[in-house]
2 protein chains.
Amino acid sequence: MRRLTELGQTVACAESLTAGLVSAAIADTPGASLVLLGGIVAYSAEVKVQLLGVPPDLVAEAGTVDARVAAAMAEGARGRLGATWGVSTTGVAGPGPAEGKPAGTVHIAVAGPSGTQTWPLRLNGDRAQIRAGTVERLLEVLAERLDAPVETSGPRADRRGTVGETAGPARHGGGRDDPVAT
Amino acid sequence: MRRLTELGQTVACAESLTAGLVSAAIADTPGASLVLLGGIVAYSAEVKVQLLGVPPDLVAEAGTVDARVAAAMAEGARGRLGATWGVSTTGVAGPGPAEGKPAGTVHIAVAGPSGTQTWPLRLNGDRAQIRAGTVERLLEVLAERLDAPVETSGPRADRRGTVGETAGPARHGGGRDDPVAT
């Protein structure tokens with residue numbers, strides 16, 4: 001997270017299956033308070049709706065293990081905490097399936113100044129391994145986005161839709177340039 | 001957390017220095033979704049005020065490493081998530097002091113149907129050890145309160161002010177019998 005400190009940027013987390021492990025990982029370095037504003041552990045669907053603003057119709061239609069839910073969670077954390085970046089995790093830690101999806105089915109998202117991206121993950125292992133793998137991959141994609149030049153330089157009007165991601169993430173909705181604290 | 005499942009009760013977490021580790025520990029068992037609604041990682045003072053309802057005057061007067069802040073955080077998590085129990089952590093993980101208090105100075109709180117209690121902790125070790133020690137002690141005091149008979153039986157009118165704690169916790173404010181979801 002040294003890169004975030006250098007950039008003077010902040011992060012907020014919205015976590016379902018990881019249940020706090022992303023926030024804890026970011027906080028695991030001295031000086032984390034300059035970067036980590038905090039986050040919302042949204043283990044239940046109700047908390048995803050009430051505290052993160054995930055549309056209830058979306059949860060009713062798609063369940064909670066869904067890329068659009070991950071996107072809405074990341075945007076909700078970013079907006080509610082007023083952070084530069086919002087990151088999220090939702091999926092099935094196991095053991096056994098949930099919502100008809102096998103353990104290891106995970107969606108992660110990063111919401112930032114130029115918009116929101118999601119990545120589907122398919123992880124193997126036990127419950128702890130699936131959660132740890134989710135944390136690891138989320139921190140990787142966040143770091144990649146921090147280093148995408150469009151996020152940190154250039155005129156604002158040029159920032160949208162030109163992030164050079166290579167991992168085939170999906171993009172959601174319009175970018176919101178200014179986080180809104182509530 | 002099997003005891004919470006047996007009781008049909010739920011928990012919500014408000015975490016500062018532990019930054020998600022309490023939620024993650026509770027979630028670390030299959031079936032945790034019956035018990036853990038979620039939580040708020042309030043690493044910054046602003047998040048403690050905005051998302052948990054900690055009085056800003058209190059933070060201005062006492063800082064964030066304070067038993068009354070811990071109490072307000074636990075009550076905020078309980079109320080906002082509509083859980084039976086709210087638990088909280090705030091303190092100095094180190095290295096080095098914060099707010100003029102040495103590393104290892106920690107306050108934890110449990111808010112429940114009969115009121116809110118806080119415990120001051122003085123922990124030794126490095127950053128990881130202080131955070132792990134905080135999680136361990138908080139889960140211990142929560143388990144003790146679950147087994148306090150006043151919390152689980154008897155007429156409601158008898159519940160206030162009679163919890164048989166032996167560890168010398170402080171009690172704060174009036175008990176609130178019904179969590180309020182927002």
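Chain B can be laid on chain A with an RMSD of 0.0 Å by a turn of 180° and a shift of 0.0 Å along the axis, where the copies are superposed by least squares on the C-alpha atoms of residues with pLDDT of at least 70 in both. The two copies are thus related as by a two-fold rotation axis. Among the residues of chain B, B:Gly20 comes closest to that axis, its C-alpha lying at 1.9 Å. The same surface serves both copies, since 100% of the contact residues of chain B recur in chain A.

This is a predicted model, in which local features need pLDDT of at least 70 and side-chain atom pairs count only at pLDDT 80 or more, while totals for chains, interfaces and linings use all residues. Residues are numbered from 1 along each chain as its sequence is written, chains are lettered from A and ligands numbered from 1 in the order in which they are written, and side-chain values use heavy atoms, with hydrogens and water left out.

We can now turn to the interface itself. The contact, which means heavy atoms within 4.5 Å, takes 31 residues from chain B and 31 residues from chain A. The size of an interface is often given as the accessible area lost when the parts come together. Here chain B and chain A bury about 2200 Å² between them, 60% of it on carbon and sulfur atoms; this buried area is the accessible area (1.4 Å probe) that two parts lose on being put together, summed over both.

Which kinds of polar link join chain B and chain A? There are 2 salt bridges between the chains, a salt bridge being a side-chain nitrogen of Lys or Arg within 4 Å of a carboxyl oxygen of Asp or Glu. In one of them, A:Arg131 is paired with B:Asp28, the closest N and O atoms being 3.3 Å apart.

The elements that give two or more residues to the side of chain B that touches chain A are helix 2 (21–26), strand 2 (36–42), helix 3 (45–52), helix 5 (67–81) and helix 6 (127–146) of chain B. Helices (H or I, at least four residues) and strands (E, at least two) are DSSP runs, numbered from the N terminus. Strand 2 of chain B gives the most to this side, with 7 residues. Strand 2 of chain A is joined to strand 2 of chain B by 5 bridges, and the two strands run antiparallel; strands pair if DSSP finds at least two bridges between them.
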